[in-house]
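Hi,

Here's the structure I said I'd send over.

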Amino acid sequence: MSKVEFRGLSMRFGATEVLRDINLSVGEGELVCILGPSGCGKSTLLNIVGGFLRPAKGEVTIDGVPVTGPDPRRIFVFQERGVFPWLNVEQNVAFGLFRLTEEEKRSRVARYIQLVGLGGFENAYPRELSGGMKQRLEVARALAVHPDVLYLDEPFGALDSITRLQMRRELLRIWQTERKTILFVTHDIEESVQLADRVVVLSQRPGRVRRVLDIDIPHPRDLSAPRYIELRDAIFGEIGLAHQV
Amino acid sequence: MIRSAEKVLLPLAAAAVLLGLWQAAVAVTGTTIFPSPGEVVLGIGELARRSLLWRSIGDSLLRVGAGYALAVVTGIPLGMTLGWFPLLGRAVNPVIQMLRPISPLAWMPLAVIWFGVSNAAPVFLIFLAALFPIVVASMNAVRNIPPMYLQAGRNFGLSAPRLMAQVIVPAALPPILVALRIAFGVAWLVLVAAEMIAVDSGLGYLIVDARNAGKRYDLVVGGMLLIGLVGLTLDTAFRLLISERSRA
């Protein structure tokens with residue numbers, strides 16, 4: 001059963017055509033990476049499904065209902081700069097929980113702070129946290145409202161490569177506990193093959209779906225397994241890069 | 001330990017040197033008009049005895065406080081509104097930029113026509129002086145809120161008032177606080193000019209009056225130093241308040 005459905009989606013900014021005729025179906029609980037060169041419109045695509053932009057043509061439906069605006073059931077996660085610097089860890093996580101009672105709020109906040117491994121930092125402010133911790137905080141803030149879909153826009157792009165690897169492992173662990181549908185935008189080929197059930201490769205602007213690859217490797221994934229390398233190289237080939245430096 | 005001693009001792013030493021130069025200059029030139037530091041201290045003592053000292057400071061603080069408070073309560077909402085509605089901001093901004101460089105002193109004749117001989121005239125001038133920096137900073141503060149904060153606020157389903165209270169205001173606050181401190185400095189700066197019209201009390205009036213009534217230059221300089229000292233005290237209080245907040 002498909003959760004998110006893109007039908008004939010096109011987008012333009014003025015005279016610039018950004019996305020052309022995107023058709024894609026994302027299943028419930030699936031982790032899909034949208035991969036493409038910078039400027040291909042992948043962030044625009046995520047902003048459309050997130051309800052922050054209206055498409056020029058076509059539509060996105062979630063559970064069969066067209067997206068018309070942002071919705072707390074689907075949370076957008078930015079790079080770690082999206083956390084609120086004037087709130088501490090606890091307050092950031094509680095940000096979207098204003099409809100809950102104090103009691104529910106407390107237990108939710110505690111649970112998600114633990115889940116992302118920020119226990120002991122409840123009263124810390126974002127400026128006291130590392131980039132990776134801020135990113136985890138933002139994920140906790142998103143998960144705390146119990147969304148059914150998460151949109152991640154190059155969430156680890158600003159982190160160093162070691163932290164990035166750890167964050168991917170964390171994300172997979174959280175995804176396996178929470179079973180959310182995840183749309184993950186990235187320009188990092190390795191990242192997409194490490195995380196995704198399926199990788200959607202977009203072309204240069206105007207972005208079109210060039211290819212959708214099933215990543216049929218069970219988690220945890222061995223980054224030196226032949227199948228991993230085969231899939232990775234297939235994407236390198238698809239994007240038109242020789243895998244040499 | 002050494003650092004904090006430096007922080008206190010160095011400025012004190014510099015002040016002592018300046019006072020020494022001042023004293024020496026008075027002695028060398030043999031002036032009878034310009035007072036020595038000692039005469040100024042005696043002058044201030046005389047003001048205290050005539051219970052003019054605290055009354056002048058109090059009256060000035062009240063006027064600056066009133067004009068400044070008016071500027072804060074009108075300037076912040078006005079500026080934030082202009083920042084929030086880009087079209088409105090673009091329409092009004094040129095007018096603000098045109099009025100802004102006009103010294104509040106140029107408004108003195110108008111202030112007298114509008115408010116006559118009353119406390120309202122100087123309060124109005126102080127209000128004007130503080131208003132523009134606050135409006136402009138509040139406008140820019142809202143304009144410069146990172147879009148992702150607003151996007152996150154909408155994503156979590158915040159109503160407009162909630163978005164205002166929980167995202168827009170806290171996100172815009174740090175630069176507005178800085179502007180409030182600057183605006184207070186400007187307000188204090190125009191005090192003397194504002195008190196030259198329409199009133200007969202306050203530190204500004206003290207200076208004008210001391211010169212006109214008997215050329216009491218010890219009181220003129222004393223009044224100047226008092227304005228400086230009170231200004232410094234208030235600015236320090238402001239700075240502590242802001243850094244306290246950003247630490248919180």
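Buried residues make up 42% of the 245 residues in chain A; a residue is buried if 20 or more other C-beta atoms, placed from the backbone, lie within 10 Å of its own, exposed if 12 or fewer, and partly exposed in between. Keep in mind that this is a predicted model, where local features need pLDDT of at least 70 and side-chain atom pairs count only at pLDDT 80 or more, while totals for chains, interfaces and linings use all residues. Residues are numbered from 1 along each chain as its sequence is written, with chains lettered from A and ligands numbered from 1 in the order in which they are written.

Chain A first. Its secondary structure comes to seven helices and ten strands, meaning DSSP runs numbered from the N terminus (H or I, at least four residues, for helices; E, at least two, for strands). Among contacts in chain A with a separation of 6 or more, 69% join residues 24 or more positions apart; a contact needs C-beta atoms, placed from the backbone, within 7 Å.

Helix α7 of chain A (residues 226–239) is worth a click. In α7(A), A:Leu231, A:Arg232 and A:Ile235 are buried. Seen down the axis of α7(A), the buried residues fall within an arc of 95° (taken from the directions from the helix axis to the C-beta atoms), so they line one face of the helix. Their cover includes β3 (31–35), α6 (189–195), β9 (198–202) and β10 (209–214) of chain A. On the face turned away from that buried side you'll find the exposed residues A:Pro226, A:Glu230 and A:Gly237. After α7(A) comes A:Gly240, with a positive phi near 90°.

Now for the two chains together. 13 residues of chain A are in contact with ten residues of chain B.

The largest nonpolar core has 127 residues, and A:Leu183, B:Ile126, B:Ala130 and B:Ile134 touch the most other members. Such a core is a set of buried Ala, Val, Leu, Ile, Met, Phe, Trp, Tyr and Cys residues joined through C-beta atoms within 7 Å. Its largest share, 18 residues, comes from helix α6 (residues 120–143) of chain B. Not counting residues up to four places away in sequence, B:Ile126 touches residues including B:Tyr68, B:Val190 and B:Leu191.

One more in chain B: B:Ile227 sits in helix α11 (residues 217–247). B:Ile227 counts as buried because it has 22 C-beta neighbours inside 10 Å. With the sequence limit of four places again, B:Ile227 touches B:Leu191, B:Val192 and B:Leu203.

Cheers

How values were computed: Two residues are in contact if their C-beta atoms, placed from the backbone, lie within 7 Å.
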